[in-house]
Amino acid sequence: MKWMVRMGVLLSSVVLGCLSIPVVKVGSGDTVSTTIRYVALGDSIACGYGLSNPGNDSYVGQVEQYLEGQYDYVVVSNFGTNGLRSGQLLDILTNPDNPEYKRYHATLQYADVITLSIGSNDLLHLLRLDADIQKYIEDGGEMFQRACQEFQQNFPAIIAMLAEMAPEAEIYVDNVYNPCRGLKRYKGLYEQAEHYITLLNQTFVKESGYRLVDIKTAFDASQEKLINMDFQGREFDPHPNQAGHALIGSRVIEEMKK
């Protein structure tokens with residue numbers, strides 16, 4: 001893997017702080033210690049939404065713990081943002097007028113490892129359980145189709161920007177699972193979601209420049225409850241629970257070991 005190992009003397013004060021180039025100590029006997037920078041990008045799954053202790057229990061936290069076992073110093077920047085869609089992330093990466101543009105660029109240029117969770121909200125923000133669900137399923141095809149087409153344009157551009165901004169980084173991208181399994185009260189919703197999630201996920205396998213983490217297959221194969229699935233009125237929470245994050249984390253780490 002293309003981890004950056006930087007040599008130098010540990011300074012007593014570092015003005016640049018989190019955004020500076022990592023400092024690596026040289027101890028007695030010329031023992032070299034290694035520093036790795038891990039940047040997590042994406043939506044509420046990346047930020048560990050709904051977990052009581054996202055720092056430890058989220059998949060990002062688990063990847064951090066794995067890296068801590070491999071390197072002397074791990075610097076983590078988690079940019080996971082609730083509700084983030086692919087078009088919004090692309091705007092952050094490409095639009096200098098975006099308020100997050102400088103912060104992302106300043107951090108990503110030193111990244112050694114990047115994980116990305118994106119795509120779920122491109123479809124989920126269209127989901128309305130307060131509608132006549134049968135009519136919604138029948139009439140919603142056009143807008144879901146359009147969302148998939150937009151993602152097919154946005155995702156390659158995101159990967160291209162990450163490759164340009166962080167040329168030394170290994171990039172790991174997880175695809176999208178179906179959160180509608182078990183919603184028996186909404187007949188046909190799972191099948192509708194499966195159709196468009198499958199269409200959206202086809203975008204991932206067509207691109208290069210990153211490692212695909214196939215959590216869709218892993219979630220489908222598991223008999224364990226992996227999603228919160230808590231109903232509030234006619235809304236439900238589609239986020240992974242602690243077990244779901246554990247599964248995602250294990251798959252990311254497996255890819256890293258390869």
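Biologist: Which residues of helix H4 (residues 86-94) are buried?

Modeller: Helices are DSSP runs of H or I with at least four residues, strands are runs of E with at least two, and both are numbered from the N terminus. Buried means under 20% relative accessible area, exposed over 50%, partly exposed in between (1.4 Å probe, protein chains only). In H4 the buried ones are Ser86, Leu89, Leu90, Ile92 and Leu93.

Biologist: How wide an arc do they cover around the axis of H4?

Modeller: The arc is taken from the directions that run from the helix axis to the C-beta atoms. These residues sit on the same side of H4, because their arc is only 155°.

Biologist: What kind of model is this?

Modeller: Residues are numbered from 1 along each chain as its sequence is written, and side-chain values use heavy atoms, leaving out hydrogens and water. Local features need pLDDT of at least 70, side-chain atom pairs count only at pLDDT 80 or more, totals for chains, interfaces and linings use all residues, and the model itself is predicted.

Biologist: In what order do the five strands of the open sheet lie?

Modeller: Two strands pair if DSSP finds at least two bridges between them. The edge strands, E2 (73-78) and E5 (211-213), each pair on one side only. The pairing is parallel, and the order is E2-E1-E3-E4-E5.

Biologist: Which residue in E3 is the bridge partner of Leu41?

Modeller: E1 and E3 pair in the parallel sense, over five bridges. One partner of Leu41 lies in E3, and that is Leu116.

Biologist: At what angle does H8 run to E3?

Modeller: Axes are lines fitted to C-alpha atoms, for helices over the stretch in contact (heavy atoms within 4.5 Å), and angles run from 0 to 180 degrees between N-to-C directions. H8 lies across E1, E3 and strand E4 (170-174). Its angle to E3 is about 165°.

Biologist: Is Asp43 buried or exposed?

Modeller: Asp43 is in the loop between strand E1 (35-42) and helix H1 (44-47). Beyond four places in sequence, it touches Gly80, Thr81, Leu84, Ser117, Ile118, Gly119, Ser120 and Asn121. Its relative accessible area is 1%, so Asp43 is buried.

Biologist: What is the relative accessibility of Lys216?

Modeller: Lys216 lies in helix H10 (residues 215-221). Its contacts beyond four places in sequence include Asn175, Tyr177 and Glu194. Lys216 counts as buried because its relative accessibility is 8%.
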